[in-house]
Amino acid sequence: MAQVLRIAIQKSGRLSEKSLEIIKKCGIKFGSDERVLKEQASNFPLEFLYVRDDDIPAYIRDGVADIGIVGRNEYDEQAIDLQVLTDLGFAKCRLSIAVPQDMHYTGLISLEGKRIATSYPNILGGILKEQGVKASFVQVSGSVEVTPAVGIADAICDLVSTGATLAMNGLKEVQAIYTSTAVMIGRKQMGSSEKEAILQRLMLRIDAVMRAASFKYVIFNLPEEHLDQVARIVGGMKSPTVTRLMEAGWVSVQTVVAEDTFWDVFEQLKALGAQGILVTPIEKMTE
Ligand SMILES: Nc1ncnc2c1ncn2[C@@H]1O[C@H](COP(=O)(O)OP(=O)(O)OP(=O)(O)O)[C@@H](O)[C@H]1O
Ligand SMILES: O=P(O)(O)OC[C@H]1O[C@H](OP(=O)(O)OP(=O)(O)O)[C@H](O)[C@@H]1O
Ligand SMILES: [Mg+2]
């Protein structure tokens, strides 16, 4: 029987939707029923396993799944010897120390002798050890923010993105100690050349989808005299495509611009007299 690659995805939670969205954008078809915990794609040798995210690293180590998507925080916390295949960039959050509003905090040293509630004792423990701070941990697997209010911890170390959960529970974020995004992880060896080949095909597609998501396709009209300056601002994939407009002295320029520099580039183009700037998303992109 032909081999398939098995990917473990969080069944329901912060990683689920985006993980599936990326794979769908790779043109892989699946998704029979939400209650199905294992299913195969109809047009690619990939099988999905929907599980709790905390279980994913051990499933991969044990060969239950070949690859999976987890937060880097979970991967580092468990410290299971796998490899990060790619950083998927979503589920961006930080692991932060938070304390009650009225607690004075001057740095990690303020945690000396304190009880800290966390789901990440290994990551936190490593950082405190590095700083020579001794504290005790109260290990909880959720609702960490409630622990100071119920008297079982003096401070917490938990994931934060907007900070709303901390604020609603009377806590203040005092120090971020670690940042995380979702990562695709896998065993260092897939165990067969067929699986390695499937993984390579999948990674090529994911890379194209991720690259596309971080760029925009931009088209604009420009007085021809400013073309040299514009070429220095927007490189394009090789160089910008330039076509002549019917109106003398004007050209149309097509190029790709990195999402995170887009507004800077936009302002520079406007300053050079660019007009009719059209920006469109890119679906797939390879080098
Ligand atoms: N507030 C947040 N903003 C962005 N990303 C987050 C946030 N909280 C958690 N994450 C990321 O999403 C991952 C999964 O979080 P989630 O809360 O869904 O997990 P969980 O409660 O452990 O779920 P499960 O029931 O599958 O065990 C975390 O490990 C982290 O990487
Ligand atoms: O800074 P914020 O945007 O408020 O997000 C932070 C919260 O998000 C995560 O929990 P989640 O909501 O995923 O619930 P969980 O306890 O089920 O993991 C995390 O553990 C925090 O509690
Ligand atoms: Mg979990």
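Which residues of helix 1 are buried?

Tutor: A word on conventions comes first. Residues are numbered from 1 along each chain as its sequence is written, while chains are lettered from A and ligands numbered from 1 in the order in which they are written. This is a predicted model, in which local features need pLDDT of at least 70 and side-chain atom pairs count only at pLDDT 80 or more, whereas totals for chains, interfaces and linings use all residues. The term pLDDT denotes the predictor's confidence in each residue, from 0 to 100. The protein chain averages a pLDDT of 95, and 100% of the residues score at least 70. The model scores ipTM 0.96 and pTM 0.90.

In helix 1, which spans residues 16–25, S19, I22 and I23 are buried. They cover an arc of only 95° around the axis, and therefore they sit on the same side of helix 1. The arc is that of the directions from the helix axis to the C-beta atoms. A residue is called buried if 20 or more other C-beta atoms lie within 10 Å of its own, exposed if 12 or fewer, and partly exposed in between, with C-beta atoms placed from the backbone. Helices (H or I, at least four residues) and strands (E, at least two) are DSSP runs, numbered from the N terminus.

The cover over the buried residues of helix 1 includes strand 1 (5–10), strand 4 (67–71) and helix 6 (193–213). Contact here requires that the C-beta atoms of two residues, placed from the backbone, lie within 7 Å. On the face turned away from the buried side of helix 1 are the exposed residues E17 and E21. Just after helix 1, G27 takes a positive phi of about 80°.

G273, which follows helix 8, has a positive phi near 90°.

Ligand 1 lies between domain 1 and domain 2, because both give residues to the shell around it. Of the 16 residues around ligand 1, G13, R14, G71, C93 and S161 come nearest. A residue is near a molecule if its C-beta atom, placed from the backbone, lies within 6 Å of it. By class, the shell around ligand 1 has four nonpolar, seven polar and five charged residues. Ala, Val, Leu, Ile, Met, Phe, Trp, Tyr, Cys and Pro count as nonpolar, Asp, Glu, Lys and Arg as charged, and the others, Gly among them, as polar.

The residues around ligand 2 include R14, S143, D158 and S161. Strand 9 (155–160) and helix 5 (164–168) are the elements that give two or more residues to this shell, and strand 9 supplies the largest share, three residues. The shell around ligand 2 divides into three nonpolar, six polar and three charged residues.

S143 lies in the loop between strand 8 (136–139) and strand 9. S143 has a positive phi of about 45° although it is not a glycine. With 13 C-beta neighbours inside 10 Å, S143 counts as partly exposed.

Notes:
Domains from an automatic or database assignment.
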